[in-house]
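This report describes one protein chain. The sequence and the structure come first, and the text follows.

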Amino acid sequence: MASLRCRRDPCGVICLILTYFSVFYADYVVIQYVLIPAYAGSVWCTLHGSVFNLILLLLLACHAKAVFSDPGMVPLPDTAIDFSDLRSQSSRKNERGCEGWTVCSRCETYRPPRAHHCRVCQRCIRRMDHHCPWINNCVGELNQKYFIQFLFYTGMASLYSMVLVVSAWVWQIRNEREADAEKEGEEVPSKHLIVAHYIILLVESVLFGVFVMVIFYDQLVSIITDETPIEQMRNRLMIKDRGSTSPSSTFSSSSSRLPHQASHTRKPKLALLREVFGRGSFFCWLLPLHSSPPSVGGMIYSALPDYDV
Ligand SMILES: [Zn+2]
Ligand SMILES: [Zn+2]
């Protein structure tokens with residue numbers, strides 16, 4: 001069961017608990033201290049409550065899909081691979097139509113282009129973006145869509161709760177001024193409690209909101225430029241390295257271009273987005289629905305090359 005792998009990363013488990021706690025706390029404060037006091041008896045109470053809970057439901061669904069989906073783990077070979085002829089592999093691979101496949105010494109397997117080894121998952125992940133403790137999983141080729149959707153709904157929930165809290169707070173201050181003459185300090189402790197909840201939720205929303213918006217932007221840029229953060233860093237280092245050393249030293253054997261440079265500049269942005277979000281309509285891009293795994297350059301990554309055993 002690849003989808004139910006247990007990742008015993010303490011940081012990941014803490015982040016998962018923190019995520020669920022934050023979501024349920026936000027829902028509790030919005031219903032108990034924002035909607036009921038400010039909008040009770042009004043149709044706005046039901047409307048805001050339904051929309052906010054729908055966003056949270058989608059957030060949790062996308063999060064669950066990102067957590068439990070296979071990010072694109074490269075399957076391990078059933079039997080040990082003979083790497084003795086490793087030096088001649090590039091030419092052999094090209095003959096078999098598997099250009100760019102490399103060997104992971106930790107997994108002891110061949111891996112497709114753009115796959116990288118994750119130290120936390122201890123496996124190679126296809127088009128690995130990064131390992132995210134918030135989903136206790138890698139963000140890779142097969143779950144990046146769910147991860148971005150999770151960021152999107154977290155951003156929406158943060159923004160929505162900020163608007164609700166601020167409007168309820170303003171409403172409350174206005175109401176208090178009017179009723180101040182009649183009720184003098186009658187509900188002081190509960191008032192403090194409400195304000196404390198408002199402040200905590202506002203801080204939570206601002207922190208998570210800004211955090212996910214930055215990552216959301218980075219993710220979209222990485223898709224549109226067709227370059228994961230790992231590839232960006234590696235390419236930058238290679239350019240720097242080439243500038244300082246002779247050009248024939250590092251990658252002269254295979255080709256003169258960088259490992260992942262050929263395809264990403266040619267593809268249209270929409271095609272790149274479709275590789276991640278699927279070929280459905282824009283509406284489907286917002287839902288955590290399964291979309292068929294992309295095949296890049298006619299090669300389907302799910303199959304291992306015909307390696308020697
Ligand atoms: Zn590996
Ligand atoms: Zn990982």
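The sections below go from the overall fold to single residues.

## Basis and conventions

The model is predicted: local features need pLDDT of at least 70, side-chain atom pairs count only at pLDDT 80 or more, and totals for chains, interfaces and linings use all residues. Residues are numbered from 1 along each chain as its sequence is written, and chains are lettered from A and ligands numbered from 1 in the order in which they are written.

## Overall fold

The chain holds 8 helices and 6 strands. Both are DSSP runs numbered from the N terminus, with helices being H or I of at least four residues and strands E of at least two. From the N terminus on, the order of elements is α-α-α-β-β-β-β-β-β-α-α-α-α-α.

Of the 309 residues, 28% count as buried. A residue is buried if 20 or more other C-beta atoms lie within 10 Å of its own, exposed if 12 or fewer, and partly exposed in between, with C-beta atoms placed from the backbone. Among contacts with a separation of 6 or more, 72% join residues 24 or more positions apart; two residues are in contact if their C-beta atoms, placed from the backbone, lie within 7 Å.

## Annotated transmembrane regions

An unreviewed UniProt entry places the feature "transmembrane region" at residues 12–35, 41–61, 150–173 and 193–217. UniProt positions are given in the numbering used here, feature names are shortened, and annotations may be inferred rather than shown by experiment.

In the model, residues 12–35 are 100% helix and 0% strand, with end C-alpha atoms 33 Å apart. Residues 41–61 are 90% helix and 0% strand, and the end C-alpha atoms of that stretch are 30 Å apart.

## Helix 2

Helix 2 covers residues 43–68, and at 1.5 Å a residue its 26 residues should span 38 Å; the end C-alpha atoms are 37 Å apart, which agrees. The expected span is 1.5 Å times one less than the number of residues.

Buried positions in helix 2 include His48, Phe52, Ile55, Leu56, Leu59, Cys62 and His63. The buried residues of this helix pack against helix 1 (10–39), strand 6 (137–139) and helix 4 (144–179).

## Nonpolar core

The largest nonpolar core has 42 residues, and those with the most contacts inside it are Val34, Ile125, Phe147 and Phe150. Such a core is a set of buried Ala, Val, Leu, Ile, Met, Phe, Trp, Tyr and Cys residues joined through C-beta atoms within 7 Å. At least two core residues come from each of helix 1, helix 2, strand 4, strand 6, helix 4 and helix 5 (188–224). Helix 4 gives the most, with 11 residues.

Phe147 lies in helix 4 and is buried because 29 other C-beta atoms lie within 10 Å. Leaving aside neighbours within four places in sequence, Phe147 is in contact with Ala66, Cys132, Ile135 and Val139. Thr154 is also in helix 4, and is buried with 27 other C-beta atoms within 10 Å. The contacts of Thr154, with neighbours up to four places away left aside, are Leu59, Phe208 and Val212. Thr154 and Val212 are 58 residues apart in sequence but 7.0 Å apart in space, C-alpha to C-alpha.

## Helix 1 against helix 4

Helix 1 and helix 4 pack at an angle of about 35°, with axes 10 Å apart. Axes are lines fitted to C-alpha atoms, for helices over the stretch in contact, and angles run from 0 to 180 degrees between N-to-C directions. The crossing is left-handed, that is, the near helix is turned anticlockwise from the far one by less than a right angle; clockwise would be right-handed.

On the helix 1 side, Ala26, Val30, Val34, Pro37 and Ala38 meet residues of helix 4 including Ala157, Ser161, Leu164, Val165 and Ala168. Not counting residues up to four places away in sequence, Val34 touches Val29, Leu164, Val165 and Ala168.

Gln122 sits in the loop between strand 3 (116–118) and strand 4. Gln122 has a positive phi of about 55° although it is not a glycine, and is exposed, with 10 other C-beta atoms within 10 Å.

Arg127 lies in the loop between strand 4 and strand 5. Its phi, near 40°, is likewise positive in a residue other than glycine, but Arg127 is buried, with 27 other C-beta atoms within 10 Å. Asp129 is in the loop between strand 4 (123–125) and strand 5 (130–132), and is buried with 24 other C-beta atoms within 10 Å. The C-alpha atoms of Asp129 and Pro229 are separated by 6.1 Å, at 100 residues apart along the chain.
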